[in-house]
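This briefing is an introduction for a reader who has not seen the structure before. Please keep the sequence and the 3D view at hand while reading.

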Amino acid sequence: MVGLMSLNLRKLGIAPLPIAAILTLAFAVFGIGEELIYQSVLLEVLLNIFLVLAVSIIVARVSVKSFLSTGSVNVLLLGTAVLAFGTMATLGGAVSSIDVNKGIAVYSFGALTAGGLHLSSAILTYRGSPKRTERLRLRAGACYIGTIAFLTTLSVLAIESILPAGFGEPGSMAQRAAAATSVSLFTVSAILFSRVYLRSHNPILYWYSLALWATAVGFLSFFATKGNGDPLLWTGIASICVGSVYFLVSILVVPNLRSGRKPPGPVT
Amino acid sequence: MFSSQFLYTGATKYGEPGIYASFAENREAFLRNMRRAHMDFESLEQKNLFKFIDFVTVKEQAIDAALATIMAEIDSLRARRLVIDSFSAMAQAFSEKIDARIVLHTVLGRMTRLSKVTTLLIAEKPLGSESLGGGMEEFVSDAVLVLTQSLERGHLRRHFDIVKMRGTGASRARFTYDISEHGIVVHPSLEAHPATRVFSERVSIGVEGLDRMLSGGPYKGSTVLVMGEAGTGKTTTALQFMMRGAANKERTLYVSYEESQEELIRQGLGFGWKINDHIENGLIKMTSFFPEPYNIDSIFADTRKLIDAYKPTRFVLDSLTSLERAMSEDEFFRVVRRMESRFKAEGVTTLVTARTSEGGLPSDFWISSLMDVIVSLRQVESESALRRALVIFKARGLPHDTSIKEFEISPKGIVVEEKFTDIEQILGGSARRPARVQAWSDAFSTSGRPSRAGTKG
């Protein structure tokens, strides 16, 4: 873990972001690799469940514990956002195995939900979050269960073809609008968390901001994608996976923080 | 007092005449002292059941005459009991120690045996001395009873030891006794024996969450220790245990060493428990006193009498800490072990409370090994407020929940909630959030806005 904290590793953490951005630009603007198509629903499902969902559960768990002990609303929103992201990835992957376009529709709505929650959390963190003292368990339960229920309902609606079909068609106006909005939400969130990091120099915020940047780049790739299995789609998936790894790193740097910097004080 | 009681009881209860041969006090002083102890020896004298022989001024030359007088009075009164008070004083009349031994062994011993007289020789035991009297009495006598006293925690304690009892299987335990207005009262020994009768029925403590943690409650006859700092809810738990008993139509005896009955009733009313109603209908009996001035054995004996008379199925002792303060560690251990083994055999489920220091563990409370169930109540500081934690340290023979649960003292009593997930190191006494959660909270509690000082600076 000491290595994770080193400055070189932090710099190395930035590297995938410009690479993904350049690849996205190359594939989208110059049309490089348009003929390369690879479709694997199984791989998508595996990545979504074993990486994105698993990481989102870990982050959501730490966040809810943090909320229960501090009552900070921004942390609860952050946990809800990450949980929404993981649920979106899992349900989207599952629906994709039935119908790829319906799966993309679930991704689109899930990304909007997660992006909105992240932005709310980022704004509150930036401005100074309010704190709750009562019914913390109830609030946390309502947020987490409500988010999962909402995305599950969306998935059912998608399967039943009740959701507008345009959200699931790559390159369609609706899908691009959803992706562009998600990119905006994640980008603004990333900017706000980065600004908070620049003041605190807390490594957790560093890796968390990078995770949001990577996710924003991922949705940028989804925005530009022209069809299932094209290089832009895989660049987006790769960026999302890198983002998940960074979310996980933001959790893992904590023990190092305890031994290397200030110890956690007694509960006050 | 002991020897007078020996004669008085013999005469009044068994019709056995007795003689008091005194080398220490005269007749008038003796009769006056005995009247104070409600022993009327004058009437016994009139009935020829008692004779006081005054040898206060006897010298060595007159010992033979004194012995002859005693034997003559034995024959005359047909005495069955004889007290020589004291042989130590009598022995001082001899210039040679051997002469005292001869008198004791050959004259007194043989003569009284032949006359079938039970003789009680009083021998003085100087303070700090290990030997009795002149050092020969204990070898010649058939039985040796030693009465001693000591100052313990500011209170005089009297002890009674049966050092020797030829031909019988007398208890070797140390007894304690008190001198009451009716004479000497020897308290029953606190010897304990493992309970040979056990119960498999479960009993509800009255705190639902706690019963669930104990997979249905402790076994009937168990001893449950509820320990915690002041203000953690020990007495409330005890009252709740008592009220559950009343709800089940079971009798509960509540002995409080800290609060008066009135205070406990008022405390119960705060939770809507009408203790008075159950006292009136006989389901609850409360007694309250400070134990410090009393002998531990008398406390135990009195409690025992209360239990025998009231026959409760639940017993509350609040708190052991007050009892512990009033006695030595050895006595405390004996009384708790005795209580625990007797109540277990009789199926009386007992709940005892004990006050501990902050973060106290069962290992700090050395009688915890005697307890069947140990429940610890704690206070945890979190977010500038006190939260309460409950953990079961021990539940002998019961599957139980080992998690640390949060509990609340609600308007209806103790309510056990979920386990603590946001705080760790509660038992270590330095409650803190888990490191990961702490760091996560710290990271996102930092505002991105420049502070006013930062802007200026």
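The points below go through the two chains and then some of their elements.

The model is predicted. Chain A is built from ten helices and zero strands, whereas chain B has 16 helices and 17 strands.

**Chain A: make-up and confidence**

- Reading from the N terminus, the order of elements in chain A is α-α-α-α-α-α-α-α-α-α.
- Chain A has 268 residues, and 52% of them are buried.
- Of the contacts in chain A between residues at least 6 apart in sequence, 77% connect residues at least 24 apart.
- The average pLDDT of chain A is 83, and 91% of its residues reach at least 70.
- Which elements of chain A have the lowest and the highest mean pLDDT? The lowest value, 47, belongs to helix α1 of chain A (residues 2-5), and the highest, 92, to helix α7 of chain A (residues 136-159).
- Over residues 255-268 of chain A the pLDDT stays under 50. For this stretch the model has 28 contacts beyond four places in sequence.

**Chain A: a pair of helices**

- Two packed helices are described by the angle between their axes and the distance between the axes.
- In chain A, the axes of helix α6 (residues 100-127) and helix α8 (residues 173-200) come within 8 Å. These two axes cross at roughly 25°.
- Angles under 35 degrees count as roughly parallel, and α6(A) and α8(A) are therefore roughly parallel to each other.
- The crossing of α6(A) and α8(A) is left-handed.

**Chain B: make-up**

- Chain B has 457 residues, of which 37% count as buried.
- Among contacts in chain B with a separation of 6 or more, 67% are between residues 24 or more positions apart.

**Chain B: a four-stranded sheet**

- Four strands of chain B form an open sheet in the order β2-β1-β3-β4, with parallel pairing.
- Which strands lie at the edges of this sheet? The edge strands are β2 (50-54) and β4 (118-121) of chain B, and each pairs on one side only.
- On average, neighbouring strands of the sheet are turned by 15° against each other, direction ignored.
- Strand β1 (residues 18-22) and strand β3 (residues 81-85) of chain B run parallel and are joined by five bridges.
- B:I19 stands opposite B:L82, a residue of β3(B).

**Chain B: helix α15**

- How many of the ten residues of helix α15 of chain B (residues 435-444) are buried? Nine are buried, so this helix is largely enclosed by the rest of the structure.
- The buried residues of α15(B) are B:R436, B:V437, B:Q438, B:A439, B:W440, B:S441, B:D442, B:A443 and B:F444.

- B:L210 belongs to helix α8 of chain B, which covers residues 208-213.
- Is B:L210 buried or exposed? A residue is buried if 20 or more other C-beta atoms lie within 10 Å of its own; B:L210 has 27 within 10 Å and is therefore buried.
- Leaving out residues up to four places away in sequence, B:L210 touches B:I205, B:V375 and B:V416.
- B:L210 and B:D401 are 191 residues apart in sequence, while their C-alpha atoms are 9.1 Å apart in space.

Terms used. Residues are numbered from 1 along each chain as its sequence is written. Chains are lettered from A and ligands numbered from 1 in the order in which they are written. This is a predicted model: local features need pLDDT of at least 70, side-chain atom pairs count only at pLDDT 80 or more; totals for chains, interfaces and linings use all residues. A residue is buried if 20 or more other C-beta atoms lie within 10 Å of its own, exposed if 12 or fewer, and partly exposed in between; C-beta atoms are placed from the backbone. Two residues are in contact if their C-beta atoms, placed from the backbone, lie within 7 Å. pLDDT is the predictor's confidence in each residue, from 0 to 100. Two strands pair if DSSP finds at least two bridges between them. Axes are lines fitted to C-alpha atoms, for helices over the stretch in contact, and angles run from 0 to 180 degrees between N-to-C directions. Angles under 35 degrees count as roughly parallel, over 145 as roughly antiparallel, 65 to 115 as roughly perpendicular and the rest as oblique. A crossing is left-handed if the near helix is turned anticlockwise from the far one by less than a right angle, and right-handed if clockwise.
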